[in-house]
Amino acid sequence: MGEAKRRKETGAPPPRQTQSKKPLVIVVSVLALAAIVTGAFFLTAAPTPNSDELPVAAPNAEAFPAELDQYGVSVGADDAPVVVREFADYQCPACGLFAPASKRLKQEYVEAGKVRFVYFDLPLQQHQNAFPAAQAARCAGDQGAYWEMHERLYDSQSEWSGSNDPVATFTRYGKDLGLEERRLRRCMTTELHREMIEASRRAAMQLQVTSTPTVLVDNIRLTRPGWGQLSAIVERELANAEK
């Protein structure tokens, strides 16, 4: 029986049309997305070098003990007016997020002679492959490719973090970088650089650095490690150095 005929014979009213809720859902979704984007902008927007929100050195803070730099790996001019130091763990996810900032720092400030960058190994005990990764970078350094391996480790962090044979993975990375595989593997398996990595970790403990990444611009500790705060403090300290 047709709908019109059924209503005529039974006297039933026409069925109510249910209004679609899709337009309302779409509007709410768009507004929520806009709120997230706006919030993210204000949370991540780079502060200006003269911003009062930037961290400063504590009152009467002593200069960073430069003699500890021997336990890290340094790049840049010895007489650079600003020194940035990072204490990090190759398996630490937050360190992986900071890695693009340190890479950009080297490109924009270190290569220009304005900044010297020192990377300290601080492998955390809960990360089983952090120590082997630190060894891989230092072993690659024996063949002149420390920073290339350093970047590869962070770029591929998710690949090797849970590996049961990190040495094999790191050897493959070395091959990709044109390194002598047998020499690299022997360096890692004999733990040739264990003493220096342990010394780097003791330096962190001496400074009461226990979390990663911990980033210092001279003796000023970043509160929000990332390019925005890092570059702003570097610019401020460069300006202060010229006064």
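Predicted model: local features only at pLDDT ≥ 70, side-chain atom pairs only at ≥ 80, totals over all residues.
**Entry 1, His127.** I looked up His127 and found it in the loop between strand E3 (115–121) and helix H4 (130–141). Buried or exposed? Its relative accessibility comes out at 19%, so I put His127 down as buried. Next I checked what the side chain of His127 does, and it makes a polar contact with the side chain of Asp89 at 3.0 Å. Leaving out neighbours within four places in sequence, I get Asp89, Gln91, Cys92 and Pro93 as the residues in contact with His127.

Then I went to His150, which sits in helix H5. I noted a relative accessible area of 2%, so His150 is buried too. Which residues does His150 touch, not counting those up to four places away in sequence? I found Tyr90 and Tyr119.

The crossing of H5 past H7 is right-handed. On the H5 side I listed Met149, Arg152 and Leu153 as making the contact, and on the H7 side Phe170, Arg172, Tyr173, Gly174 and Asp176. Sorting the residues of this H5–H7 contact by type, I got four nonpolar, one polar and three charged.

Conventions. Residues numbered from 1 in each chain as written. Heavy atoms only, no water. Left-handed = near helix turned anticlockwise from the far one by under 90°. Helix = DSSP H or I, 4+ residues; strand = E, 2+ residues; numbered from the N terminus. Contact = heavy atoms within 4.5 Å. Nonpolar A, V, L, I, M, F, W, Y, C, P; charged D, E, K, R; others polar. Buried < 20%, exposed > 50% of the residue type's maximum accessible area, 1.4 Å probe, protein only. Polar contact = N/O pair within 3.5 Å; in protein donor to acceptor, adjacent residues only side chain to side chain.
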